[in-house]
Amino acid sequence: MSDLKVLIVCLGNICRSPMGEAVLRDVAKKRGVDMFVDSCGTAAYHAGEEPDGRTISTCAQHNIPIEHSARQIQTSDFTQFTHILAADDSNLRNLERVKPKNATAEVCLWGSYLDNKPIADPYYGGINGFERVYQQCLSLSNAFLDQVANDRHSQYL
Ligand SMILES: *[C@@H]1O[C@H](CO)[C@@H](O)[C@H](O)[C@H]1NC(C)=O
């Protein structure tokens, strides 16, 4: 049983981070990595809402199950999760600002596992932007698991 607990974070928790959560969970399952995945936003203004319709339809096109109710980051997340992965630099700065002193989670840009690139907010664009976010989440999920799942696994060899 893996003790990996990963929280994907964007601004409102309706476009990028619920997609990232769904994709990372799916990729981990396909790779046989047992881990807990959740997502949240740095802001609360969409709290309780379902993911954006374009995030849901993009996931459906790729047969990725998605179900999430938006929520804001909370202090306990920093001790409950092992990894808190920010979609962009603004999200990362906001996380650092609310991070408690006793935080145990690694807090970083998700892109730091691959190319240091942010996931751009697709909210004000068309559906193509959501497909780009999907492709990025897929690459980032594999890059993250390449490093973290293998590292963890090697501890037990
Ligand atoms: C960490 O610190 C926060 C206050 O900043 C506190 O509410 C919380 O209980 C602490 N968590 C643990 C696991 O000690």
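I count a residue as near a molecule if its C-beta atom, placed from the backbone, lies within 6 Å of it. I note at the outset that the model is predicted.

**Ligand shell.** I looked up which residues lie around the ligand and found Thr 75, Thr 79, Pro 100 and Asn 102. I then sorted this shell by residue class: 3 are polar, 1 is nonpolar and none is charged.

**Overall fold.** I recorded 5 helices and 4 strands in the protein. Reading from the N terminus, I wrote the order of elements as β-α-β-α-α-β-α-β-α.

**Dimensions.** I took the box along the principal axes, and the C-alpha atoms fill roughly 45 × 35 × 25 Å. I also checked the radius of gyration, which is 15 Å; this agrees with the value near 15 Å for a compact globule of 157 residues.

**Helix pair α1 and α2.** I described the packing of two helices by the angle between their axes and the distance between the axes. Helix α1 covers residues 16-31 and helix α2 covers residues 53-61; their axes come within 9 Å and cross at roughly 20°. I noted the crossing of α1 past α2 as right-handed.

**Contact residues.** I listed Pro 18, Met 19 and Ala 22 on the α1 side of this contact, and Thr 55, Thr 58 and Cys 59 on the α2 side. By class, the residues of the contact of α1 with α2 are 4 nonpolar and 2 polar, with no charged residue.

Note on methods
Residues numbered from 1 in each chain as written. Predicted model: local features only at pLDDT ≥ 70, side-chain atom pairs only at ≥ 80, totals over all residues. Axes fitted to C-alpha atoms, helices over the stretch in contact; angles between N-to-C directions. Helix = DSSP H or I, 4+ residues; strand = E, 2+ residues; numbered from the N terminus. Left-handed = near helix turned anticlockwise from the far one by under 90°. Contact = placed C-beta atoms within 7 Å. Nonpolar A, V, L, I, M, F, W, Y, C, P; charged D, E, K, R; others polar. Rg over C-alpha atoms; globule rule 2.2 N^0.38 Å.
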